[in-house]
Amino acid sequence: HRMAAEVDRGEVCFEAVVPIAPAETALSLYRKSIPACERLVTQFLAACDAQALPAGRVVGAGGRYYGRNSVQPLKAVPPNADPAYLERLARALYFPPHEPPYISSGGRKVYLLPEAYRQKET
């Protein structure tokens, strides 16, 4: 993005697409995006050297900023939550060393891990 006063509102100069697999976790998606980010930075630096930053497409609606603490309320899961929701949440919030989602039971936290992670451990 070119810098703008609002989050995610600057023109997009470079972008990449990273496919998201059905069982993707936050950590696996982060790792998968690193090579694409490296390519984008290389393109950006080359364009800066050539003083030829491309005109970017204008982003429509305003963006949103989610601070790292914004997911904290999502981590305390009610014990009667839908199993499909639990799996999605476990994948969405799986990013060690950060605390995963959990269900409170007897004053203790029972952590929810993605199915793919549990299968690797057995």
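Q: What do the values rest on?
A: The model is predicted, so local features need pLDDT of at least 70 and side-chain atom pairs count only at pLDDT 80 or more, while totals for chains, interfaces and linings use all residues. Residues are numbered from 1 along each chain as its sequence is written, and side-chain values use heavy atoms, with hydrogens and water left out.

Q: How many salt bridges does a search of the whole structure find?
A: Side chains of opposite charge can pair when their charged atoms come close. A salt bridge here is a side-chain nitrogen of Lys or Arg within 4 Å of a carboxyl oxygen of Asp or Glu. The search finds three.

Q: Which residue forms a salt bridge with Lys32?
A: Glu24 does, with the closest N and O atoms 2.7 Å apart. Buried means under 20% relative accessible area, exposed over 50%, and partly exposed in between (1.4 Å probe, protein chains only). Glu24 is buried at 11%, whereas Lys32 is partly exposed at 33%.

Q: Where does Glu99 meet Lys109 in the chain?
A: Their side chains form a salt bridge (2.9 Å, N to O). The pair links distant parts of the chain, ten residues apart: Glu99 is in the loop between α3 and β1 (102-105), and Lys109 is in strand β2 (residues 108-111). Strands (E, at least two residues) and helices (H or I, at least four) are DSSP runs, numbered from the N terminus.

Q: Is Arg91 buried or exposed?
A: Arg91 is buried, with a relative accessible area of 17%. Its salt bridge with Glu87 has closest N and O atoms 3.8 Å apart.
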